[in-house]
Every structure is written in structure tokens, then in C-alpha cells.
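The following exercises are to be worked with the sequence and the coordinates at hand. Each task is followed by a solution in steps.

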Amino acid sequence: MTVYFAHPSSPWQRGTNENTNRLVRLVCPKGAECDQRPAGAIRRAQNRLNDRPRKALRYRTPNEVLPPALP
């Protein structure tokens, strides 16, 4: 698999990443102790993010496009 990295000072190269970070911050604000949250709350947030259609995926969800993660 080819992996590409964006330049640190070029946020426009990281559109999907920046958008996902924004969505994660809705669940766990910057500076919050996210590792102290219950596992169920983290799992619900994970499911909401992975069931959200993405323009970059032609309006499919990550769960539809990516293979299931290992337990």
C-alpha cells in the first residue's frame, strides 16, 4: 500500500483528516480526558463516525468501504 504524508504546515492537504478531527472533537473536546470516558461512550462515538457518509468516499460510509477491523 502506498502511504502519503501531508506537509505539517499545509492543512489544505489534509482535508478528510481535519474534518474527522473536528468530528472527534465534538465527542471529546480538546484538553478533555478522553481516556477516562467509558468504553461504551467511545464505541458509540466510533460507530457514529464510521456510519457517517463521506464525500471523499462517494457518499458511502467507512463501514461500507473498509474491511471490518479485527476485535
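Helices (H or I, at least four residues) and strands (E, at least two) are DSSP runs, numbered from the N terminus. The model is predicted: local features need pLDDT of at least 70, side-chain atom pairs count only at pLDDT 80 or more, and totals for chains, interfaces and linings use all residues. Residues are numbered from 1 along each chain as its sequence is written, and side-chain values use heavy atoms, with hydrogens and water left out.

**Exercise 1. Overall description**

Task: State how many helices and strands the protein has, and describe its dimensions and surface.

Solution. 
Step 1. The protein has three helices and zero strands. Read from the N terminus, the order of elements is α-α-α.
Step 2. The C-alpha trace spans about 35 × 30 × 20 Å along its principal axes.
Step 3. The radius of gyration, taken over C-alpha atoms, is to be compared with the globule rule of 2.2 Å times the number of residues to the power 0.38. For a compact globule of 71 residues the value would be near 11 Å, whereas the protein has 14 Å.
Step 4. Burial is assigned by relative accessible area: buried means under 20%, exposed over 50%, and partly exposed in between (1.4 Å probe, protein chains only). Of the 71 residues, 14% are buried.
Step 5. Accessible areas come from the Shrake-Rupley method with a 1.4 Å probe; for residues, only the protein chains shown count as cover. The accessible surface comes to about 6400 Å², and carbon and sulfur atoms account for 56% of that area.
Step 6. Contact means heavy atoms within 4.5 Å. Among contacts between residues at least 6 apart in sequence, 16% join residues at least 24 apart.

**Exercise 2. The faces of helix α2**

Task: Determine which residues of α2 are buried, which are exposed on the other side, and why the buried ones line one face.

Solution. 
Step 1. Helix α2 covers residues 39-50, twelve residues in all. The expected span of a helix is 1.5 Å times one less than its number of residues. From first to last C-alpha, α2 reaches 16 Å, close to the expected 16 Å.
Step 2. The buried residues of α2 include A41, A45 and L49. Viewed down the axis of α2, its buried residues fall within an arc of 70° (the arc of the directions from the helix axis to the C-beta atoms), so they line one face of the helix.
Step 3. The general rule is that an α-helix has 3.6 residues a turn, so residues three or four places apart point the same way.
Step 4. A39, R43 and R44 are exposed on the other side of α2.
Step 5. The packing partners of the buried residues of α2 are α1 (15-27) and α3 (62-65).

**Exercise 3. The salt bridge**

Task: Identify the residues that form the salt bridge with R14 as one partner, and state whether R14 is buried, partly exposed or exposed.

Solution. 
Step 1. The criterion is a side-chain nitrogen of Lys or Arg within 4 Å of a carboxyl oxygen of Asp or Glu. One salt bridge is found in the structure.
Step 2. The partner of R14 is E18, and their closest N and O atoms are 3.1 Å apart.
Step 3. R14 is partly exposed at 22% relative accessible area. E18 is also partly exposed, at 33%.

**Exercise 4. The surroundings of C34**

Task: Locate C34 and list its contacts beyond its neighbours within four places in sequence.

Solution. 
Step 1. C34 is placed in the loop between α1 and α2 and is partly exposed at 27% relative accessibility.
Step 2. With neighbours within four places in sequence left aside, C34 is in contact with C28 and I42.
Step 3. C34 and P8 are 26 residues apart in sequence, and their C-alpha atoms are 24 Å apart in space.
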